[in-house]
Amino acid sequence: MEQAKKMNMKEKYNAMTGDLAWDFSYKTEAEIFPLSDFEGIKIEDWSKWQDPFRLTMDAYWKYQGEKERKLYAVIDAFGQNNAHLGVTDARYINALKIFLTAVTPLEYGAHRGFAMTGRAFPGVGAQVASQMQSIDELRHAQTQLHTISQYNKYFDGLHDPFHMFDRVWYLSVPKSYFEDALSAGPFEFITAISFSFEYVLTNLLFMPFMSGAAYNGDMATVNFGFSAQSDESRHMTLGLEVIKFMLEQHPDNLPIIQRWIDKYFWRGYRLLGIVGMMMDYMLPKRVMSWKEGWEMYFEQNGKMLFDDLARYGITMPKFWEQSVEEKEHLTHQLWLTFYSYGHAAAFHTWIPDDSELDWLSEKYPNTFDKYYRPRLVYLREQEKLGKRFYNPSLPQLCQTCQIPMVYTDPKNPTKRVYRETIYNGDRFHFCSDACKEIFEHEPEKMSQAWLPPHQIFQGNCGGATIPDVLKHYHFTENDGGEFLHSRDNANWNLWKGLTPDEEAA
Amino acid sequence: MSEKMVFLALQDNEDARPIREAIEADNPLAVITQFPGVYKIDAPGRLVINRESVEERIGRAWNPQDIHLSLVTLSGNIDETEDYFALERT
């Protein structure tokens with residue numbers, strides 16, 4: 001008997017994706033996919049969708065199962081060996097606190113979003129790709145929670161990430177980015193997340209974070225990070241594919257897509273500032289500076305990504321030059337902000353030691369010694385005098401990115417940028433021309449943003465005093481404040497047999 | 001940089017080592033930069049991983065899709081068959 005011919009990769013992909021669809025008999029396509037056209041994107045032929053990875057569902061389950069087995073073996077070994085004691089020092093854990101509270105809920109948000117696009121897109125190739133990514137993102141949220149739960153046994157600030165994500169002032173920055181995308185249509189969502197976030201910016205999140213974890217002895221995070229990142233390559237590829245597909249389908253799609261790219265590039269860049277702060281200030285052993293990362297992954301690689309799309313008429317995202325001008329200021333201004341509001345954060349802040357200040361001077365030769373080092377040194381002196389500085393006021397936030405209005409004009413670095421616009425008789429404030437422009441294009445949506453300081457003043461966050469609000473956030477008295485005075489630091493010194501710091505609690 | 005570059009990054013572990021060696025053998029213009037736990041491989045125009053080159057090194061069958069277990073990130077347009085996995089930018 002003759003054996004059936006083995007299918008090649010392309011045939012197998014077609015059989016295991018396109019052939020899984022069926023034709024509808026008693027409902028129209030418009031009734032089944034009601035979200036597919038209100039954004040103005042015109043798709044004439046969904047069968048033109050090509051997934052470059054050609055991963056079939058059976059291969060997907062095989063690879064994902066193998067990744068999970070490897071990861072959970074490491075997590076077990078990590079717990080059994082008390083490997084939390086192997087990190088460089090307890091300050092490092094604060095980077096994980098930011099990751100768990102700010103990034104892990106985004107993974108869950110992405111899971112929800114891709115479940116939506118998988119249902120909303122009429123094409124089977126896009127449905128299968130969305131389904132895989134939705135499952136991936138749920139896996140990422142789960143593996144991050146499982147991995148970091150080991151640290152939660154020993155360190156403060158890791159105990160309630162999802163409760164915090166929906167309430168805490170600085171976590172409204174990642175939350176609002178994702179909810180902006182989730183509350184849009186399926187095409188805007190996939191442009192925001194797959195293209196702008198995954199394809200253009202995600203390297204800056206995972207490469208420095210996971211390499212930083214490896215450098216700082218955090219075996220568990222390295223493993224969940226690279227396990228997630230192996231999915232990320234597929235997600236990035238989907239991001240490019242979806243943009244090309246939309247652009248090839250109809251010329252009317254170009255201006256809509258360009259606007260989304262402009263919007264989510266800028267919003268994503270603003271969101272990544274906190275990662276830059278982590279790279280420059282929170283890793284005891286540093287991999288690269290924010291400036292170096294931005295040059296490598298955006299200025300060099302990002303330009304090539306956009307060159308690939310130039311034939312369709314896509315240009316570099318508007319305001320990208322501004323991100324380059326800000327690169328020597330961004331992280332210093334953010335760290336000083338979090339240092340000042342350290343009593344209202346679920347992680348600790350500190351002034352870098354002298355060797356770390358020297359590293360920053362070397363990496364930021366044009367700005368650090370001139371504008372930032374003297375302030376950090378002054379704050380350290382104040383702390384030694386028992387006058388650790390905290391800002392007792394509530395910050396004014398940018399209406400769009402929700403970051404406190406702390407950024408200055410790179411051409412005039414001691415002057416803050418204030419932009420404003422009037423909509424329906426109310427005045428709205430912005431940190432940048434880009435954030436103002438995003439608002440002005442969608443004022444009805446953006447004017448409804450949930451800004452934490454406004455909500456506190458309106459009485460929606462547990463009370464009128466800072467302790468009331470922190471209780472509402474589920475913060476404990478050990479979660480925030482100066483690292484030197486923290487329980488984490490005292491415990492670390494005890495576990496490691498180190499001399500307690502003089503200043504420590 | 002006028003030349004169009006592609007790159008991929010692999011986990012620095014034993015699973016990826018034969019892939020790295022195959023890349024080095026088959027892509028003379030590739031440049032490898034080491035980071036903690038991961039390395040980045042940049043090449044002008046095209047970067048290819050050949051199934052045969054990996055199989056020679058591991059002594060058993062290897063499917064180019066197994067790259068999914070070691071891949072950290074990439075940049076370029078994917079060209080994938082049963083016999084190779086390539087990134088291109090022209």
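Here are legends for several close-up views of this predicted model.

Local features are described only where pLDDT is at least 70 and side-chain atom pairs only at pLDDT 80 or more, while totals for chains, interfaces and linings use all residues. Residues are numbered from 1 along each chain as its sequence is written, and chains are lettered from A and ligands numbered from 1 in the order in which they are written.

**View 1. Chain A as a whole.**
Let's start with the big picture: chain A holds 20 helices and 4 strands. Both kinds of element are DSSP runs numbered from the N terminus, with helices being H or I over at least four residues and strands being E over at least two. The C-alpha trace spans about 85 × 60 × 45 Å along its principal axes. For 505 residues, a compact globule would have a radius of gyration near 23 Å, and chain A agrees with its 24 Å. (That radius is taken over C-alpha atoms, and the globule rule is 2.2 Å times the number of residues to the power 0.38.) Buried residues make up 49% of chain A. Here "buried" means 20 or more other C-beta atoms within 10 Å of a residue's own, "exposed" means 12 or fewer, and "partly exposed" is in between, with C-beta atoms placed from the backbone.

**View 2. Where chain A meets chain B.**
The contact takes 31 residues from chain A and 23 residues from chain B; two residues are in contact if their C-beta atoms, placed from the backbone, lie within 7 Å. On the chain A side, the elements giving two or more residues are α3 (57–80), α8 (186–215), α9 (219–249) and α11 (290–309). The largest share of that side, 8 residues, belongs to α9(A). Sorted by type, the chain A side has 16 nonpolar, 9 polar and 6 charged residues. In this sorting, Ala, Val, Leu, Ile, Met, Phe, Trp, Tyr, Cys and Pro are nonpolar, Asp, Glu, Lys and Arg are charged, and the others, Gly among them, are polar.

Strands β3 (residues 419–423) and β4 (residues 426–430) of chain A pair in the antiparallel sense over 5 bridges. Strands count as paired if DSSP finds at least two bridges between them. Look for A:T421, whose bridge partner in β4(A) is A:F428. The hairpin has 2 residues between its strands, and A:N424 takes a positive phi near 50°.

**View 3. The sheet in chain B.**
Here 4 strands of chain B form an open sheet in the order β2-β3-β1-β5, with antiparallel pairing. Its edge strands are β2 (31–35) and β5 (71–75), each pairing on one side only. Strand β1 (residues 5–11) of chain B pairs with β5(B) over 4 bridges. Within this sheet, B:L8 stands opposite B:L74 in β5(B).

**View 4. Around A:A434.**
A:A434 sits in helix α16 (residues 433–441) of chain A. It counts as buried because it has 25 C-beta neighbours inside 10 Å. Leaving out residues up to four places away in sequence, A:A434 touches A:W266, A:F319 and A:Q322. A:F319 is 115 residues from A:A434 in sequence, yet their C-alpha atoms are 6.5 Å apart in space.

**View 5. Around A:K471.**
A:K471 belongs to helix α19 (residues 466–472) of chain A. Its 14 C-beta neighbours inside 10 Å make A:K471 partly exposed. A:C461 is 10 residues from A:K471 along the chain, and 9.2 Å separates their C-alpha atoms.
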